[in-house]
Amino acid sequence: MLSPLPCNLYKQALCTFATSRILSAILLLSPSERMNATQRTIVLIPARMASSRLPGKPLAMIGGLPMTVQVLRRGEEAKLGPVVVAAAESEIVRSVEKAGGRAILTDPSLPSGSDRIHAGLQAIDPDGEYEVVINLQGDLPAISPGAIVNCHRALLDSGADIATLASEIEDSEELENPNVVKAMARFETGQTVAIAEDFQRRLPAGWSGPQLHHVGLYAYRRTALEAFVSLPPSKRERERKLEQMRALDAGMTIAVGLVDTIPFGVDTPEDLERARALFSAA
């Protein structure tokens, strides 16, 4: 009869067996699933009351909930990790917590949503546990959870520093509208993720790639977010008023994932009424 293993060797054998089973399971996953199994993700929603066209919009009621809480629910439905609102004002924090969500108060003077989610991340996770950060805009109450997942997958599958989304433009008016930012990327046949070459408000003459409407949802590797907020605005960022140009000008790579539809954003009182009608009809 074999002698039993000493306790410490037995525990070591169990640990080795469990580790091998976990590694075997990970190897059966897709590239993005493998990365997600080893890199922890957090979703952060920047929110502030100041808005030139729709003041107080984070607390605007849509479908019985404040808009920021509706966005929080979409983030939770994506099931990528914890979802936290990085708020500029205490009333936003209170409204989120009242709905059972988590929010953290940040400096109201921060200049951008990227700076706000970075501040929130540093407060929530000073030890760097979360390696992937989703910046989910607080004015997208009807965004599909699948779009959030697609952005996350584009980051992991591409190996880029940052990922975002875009959808093909089908309307000539949209194509000519400078308020519609165009993502410039060329996709290999059958592929839905490519590396961005540029972002423009008007496509340059001679552009032979697809005509894409940029969707302002971002997934960052934490190291890229930290580098991004430490940089001053670049010349092209200031000229085009496009924050993502800072990343490109610093040599960062931005992956673009294709999606079928543009998420509906709420920027004006008319948008708010449309969103309310959309939720009441659901």
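Biologist: Is Tyr220 buried or exposed?
Modeller: Keep in mind that this is a predicted model. Tyr220 has 3% relative accessibility, so this residue counts as buried, because buried means under 20%.

Biologist: Okay! And how many aromatic pairs are there in the whole structure?
Modeller: A search of the whole structure turns up two. In one of them, the ring centres of Tyr218 and Tyr220 are 6.1 Å apart and the planes are at 35°, so that pair is tilted.

Biologist: Got it. What does Tyr220 form with Phe228?
Modeller: Tyr220 and Phe228 form an aromatic pair, also tilted, with 6.2 Å centre to centre and 50° between the planes. Together, Tyr218, Tyr220 and Phe228 make up one aromatic cluster.

Biologist: New topic: charges! Which residue has its charged end over the ring of Phe228?
Modeller: That's Arg246, whose charged end is 4.4 Å from the centre of the Phe228 ring.

Biologist: And what sits over the ring of Phe264?
Modeller: The charged end of Arg274 does, 4.0 Å from the ring centre.

Technical notes:
Residues are numbered from 1 along each chain as its sequence is written. This is a predicted model: local features need pLDDT of at least 70, side-chain atom pairs count only at pLDDT 80 or more; totals for chains, interfaces and linings use all residues. Side-chain values use heavy atoms; hydrogens and water are left out. Rings of Phe, Tyr and Trp (its six-membered ring) pair if their centres lie within 6.5 Å; planes under 30 degrees apart count as stacked, over 60 as edge-to-face and the rest as tilted. Buried means under 20% relative accessible area, exposed over 50%, partly exposed in between (1.4 Å probe, protein chains only). A charge sits over a ring if NZ of Lys or CZ of Arg is within 6 Å of the ring centre and within 35 degrees of the ring normal.
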